[in-house]
Amino acid sequence: MEVTVPGPVLERTLAAIGPADQEAMRLARAHQDNLTKPRGALGVLEEVAVRLAGAAGACPPPPPSPAALAIFAADHGVHAQGVSPWPQEVTTQMVANFLAGGAVANAFAAQVGASVTVVDIGVAADLPAAPGLVVRKVARGTADLSLGPAMTSAQAVAALEVGIAVAGELIAAGAACLITGDMGIANTTASAALICAFTGQDPAVATGRGTGVDDATLDRKIAIIRRGLQVNGITGTTGGGADPDGTERGADPADAAEALRRLAAVGGLEHAALAGFILGAAAARVPVILDGVIAGSAALAACALSPAAVEYCVAGHRSAEPGHALALDHLGLRALVDLELRLGEGTGALLAYPLVGAAVRVMHEVATFDSAGVTDKNTQTAAG
């Protein structure tokens, strides 16, 4: 059995990821309580602002703008098993559509002012050079996960390190918030396999219809995922998480090696790159908004490698794919938007981005009770 070991870039990135700043989070909660509104009146948005304060180590946190969407595109060997009605060449065609500005992700990105970068991490065809396209091809798609490992260990690490590099490049160019995007026909099959691999869930529970498959194809998809887990010797879950007292514990080397092995065994090249993208954001203390089931499954791998990475993640939306809710529950994240989306591309995360910006804007612009000369009900009650 091949042993997966981290590369030097991945090792440095993991070493750079620290926990959220607890003092900044305490100050953010106190500031929220002193704003001219009932305490807790903004619900989940208050926790988003606190999360971003902890990520940045500052209260109030810096505005999450500008934002940058990275769409990682790759093909999948498991497509040969008939898990999707769409031909594999649609991956290439959709990349061209992104670059031409004709996809839903482009429309949503324009709406919120986010830049769009498309990364060829593993498309089966050669793509012509084009503005907005970054070619970092690790392989021409993965192998068939139902027959053995989808990637070699070297490929998985290389894809992770591409994701780290892309995150770093976008941040260096000025991005204050990263948004995950993906494209790859059959990638919901690999996503469901990853969710099972990292949560211990059964494929029948974690697998959805993806692009809208019929009952027979769904049954085949579940069987293929089950076979993939079996042939790759995947049972149970990996390490990371929290101790009973709530203290985050780092994944020990054995857990990290197993997390990398599982990612290589049943993941896609775009999943590995997205996991690296998340880790790169966390190392730079920049928030990353997760899209749907593909991003959720990639986040499971990222957070198995570095449990603290989850503290830099915001769940943009909840996908209609059943496995996504399982991934979010495992990560302890709550989605900001639930519109029954199942498109991918970063669309749900883009829709959530203005909510994240609004949560931070409140911290900067809303008056406090003292500054506005408004009586605080809680203070008045305590004084009385």
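**Exercise 1.** Determine which residues of helix 5 are buried and how they are arranged about the helix axis.

*Solution.* Step 1: the model is predicted; local features need pLDDT of at least 70, side-chain atom pairs count only at pLDDT 80 or more, and totals for chains, interfaces and linings use all residues. Residues are numbered from 1 along each chain as its sequence is written, and side-chain values use heavy atoms, with hydrogens and water left out.

Step 2: helix 5 spans residues 104-112; helices (H or I, at least four residues) and strands (E, at least two) are DSSP runs, numbered from the N terminus. Its buried residues are Ala105, Asn106, Ala109 and Val112, where buried means under 20% relative accessible area, exposed over 50%, and partly exposed in between (1.4 Å probe, protein chains only).

Step 3: viewed down the axis of helix 5, these buried residues fall within an arc of 135°, so they line one face of the helix. The arc is that of the directions from the helix axis to the C-beta atoms.

**Exercise 2.** Describe the surroundings of helix 5.

*Solution.* Step 1: the buried residues of helix 5 pack against strand 1 (67-74), helix 4 (90-100), strand 2 (115-122) and helix 14 (347-365), contact being heavy atoms within 4.5 Å.

Step 2: exposed Ala110 and Gln111 lie on the face turned away from the buried side of helix 5.

Step 3: Gly113 follows helix 5 and has a positive phi, near 75°.

**Exercise 3.** State how many disulfides the structure holds, and examine Cys59.

*Solution.* Step 1: there are zero disulfides (pairs of cysteine sulfur atoms within 2.5 Å). Step 2: for Cys59, the nearest cysteine sulfur, that of Cys177, is 18 Å away. Step 3: Cys59 counts as partly exposed because its relative accessibility is 28%.
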